Amino acid sequence: MRRLVFLSICVAIGVFASPVSGAERSPPGATAESVVALARRLSPELAAAVLDADAALQRVGAAGVQPDPTITLQAWDVNSKGVGQRWIGVEQTFRLWGKTDLEKGVAQADADASRHQSQAMEVDLVARVKTAYAQYSAAQRALELSKSLQQRVDQLLELLRLRYGASSVDQQEVIRSELEAATAAADVARREGDVKSSAARLNALIGRDARAPLAPSKGFPPLRTKLTLSGVQDLARSSNPQLAATHAQVRSATTTKELTDLNYYPDITAGANFVQRQSGENSGMFLLGFKVPLQYEAKDAEQRAASASLGAAQARNDALRIRLDGDVAEAWYRLEAIRKAIKIFEQRQLPPARLSVETARSGFDAGTTNLATLLESERRLRAVELELLALKVEEQSKYADLERLAGGAL
């Protein structure tokens, strides 16, 4: 059944990657959810992680089983007269003392670790896709701002040409407007390149061709504002897949240590033979044997190696837990600082900058404000809007980092 499921996944990958698929008729990109859902279906690195987890799960079925029995056929007293006796037998080695259960436990713990690693890959991919989508949305918004400024400068240039005509009076104003218009046009061209490059980066993360079409973004996705550091840290300790993977690795190392402790206890081999004679009565034979564990030095070394591996797994788990708390705190404090900066820009910088532009435009139309003052106010407003846009991209990125550390959506 699992093979059919993963075969379906592989088929889905081929279908969605096709340039004529139905998904391409309605390009994703309008929302972050649309590109995240597509990345989960198309990402080859995520598909590889899922298949690795399935391979580890299949190995559980092969672990902790008794060895195959041995069927023997022997011929005795073979001479010119033929075969004197035929022995037909079977031998079976039994792994006792709970060794098979421990082997299955090791395989299960390894499968759990691989599954959690696959989940960690998915969480990391989603965080990267959300960050790339925020950059894609910001690039589009920056292009809109640049086009708006270009349109305004072009209007000023036309107005000045009509006002001064071909006279030499105030030709410096016209020249300055022409230079400003050229700068605005160059900025628009650069912003158009930013949109294309951010779209290519987003497509690559999703698992699509870099030139595949994306729908215009509808803006940044809404984020939760009421978060507490302790709440996110608790969620990370319980849900972070990397931490869960190290827990599983500790279980695997612990079970492996218990298994090496049982190496001093021998396995048992039992067997039976049916003896067929040419003359005389047929008979049977039984055997019972075991390996004598004389290589104590090798077994002691295996125990020491297993103990060291267990200690290393526990240390990695502790280190990751400590680092996880620190990473969550760092991302949370940065997110908090960014949100404070956004609030300052929105309440104390953006309104005055807009008012300055409106005042300068009115003064220029009335002839009381010169062109340099108007252009400076326009540039100042655009700089504030771009800075606010960059802060919002950083907010989206830090929020995605928190979700990655927490193991999923907050």
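So, going from the N terminus, the elements run α-α-α-α-β-β-α-α-α-α-β-β-α-α. That's 10 helices and 4 strands in the protein. Keep in mind as we go that this is a predicted model.

Okay, some overall numbers. The protein has 410 residues, and 39% of them count as buried.

Let's look at a few spots. Start on the surface, with a nonpolar patch. Which residues form it? They're Phe-94, Leu-96, Trp-97 and Tyr-265, and together they have about 390 Å² of accessible area. Trp-97 sits in the loop between β2, which is 82–94, and α5, which is 99–164.

Now for a residue in another setting, Asn-203. You'll find Asn-203 in helix α6, residues 171–206. Asn-203 counts as buried because its relative accessibility is 0%, and the cut-off for buried is under 20%. What does Asn-203 touch, if we skip residues up to four places away in sequence? The list is Arg-208, Asp-209, Ala-210, Ala-212 and Leu-214. With Ala-210 there's a polar pair to point at: a polar atom of the Asn-203 side chain lies 3.4 Å from the backbone oxygen of Ala-210.

Next, over to helix α4, residues 44–62, where we find Arg-59. Arg-59 has 52% relative accessibility, so this one counts as exposed; the line for that is over 50%. How far apart are Arg-59 and Ala-107 in space? It's 6.7 Å, C-alpha to C-alpha, with the two of them 48 residues apart in sequence.

Last stop, the helix at 371–406, which is α10. It has 36 residues and reaches 52 Å from first C-alpha to last, close to the 52 Å expected at 1.5 Å a residue.

Over to you for questions.

How values were computed. Residues are numbered from 1 along each chain as its sequence is written. This is a predicted model: local features need pLDDT of at least 70, side-chain atom pairs count only at pLDDT 80 or more; totals for chains, interfaces and linings use all residues. Side-chain values use heavy atoms; hydrogens and water are left out. Patches are made of residues with over 30% relative accessible area and no salt bridge: like charges are joined within 9 Å, nonpolar side chains (Val, Leu, Ile, Met, Phe, Trp, Tyr) within 5 Å. Accessible areas come from the Shrake-Rupley method with a 1.4 Å probe; for residues, only the protein chains shown count as cover. A salt bridge is a side-chain nitrogen of Lys or Arg within 4 Å of a carboxyl oxygen of Asp or Glu. Helices (H or I, at least four residues) and strands (E, at least two) are DSSP runs, numbered from the N terminus. Buried means under 20% relative accessible area, exposed over 50%, partly exposed in between (1.4 Å probe, protein chains only). A polar contact is a pair of N or O atoms within 3.5 Å; within protein, one must be able to donate a hydrogen and the other to accept it, and residues adjacent in sequence count only if both atoms are side-chain atoms. Contact means heavy atoms within 4.5 Å. The expected span of a helix is 1.5 Å times one less than its number of residues.
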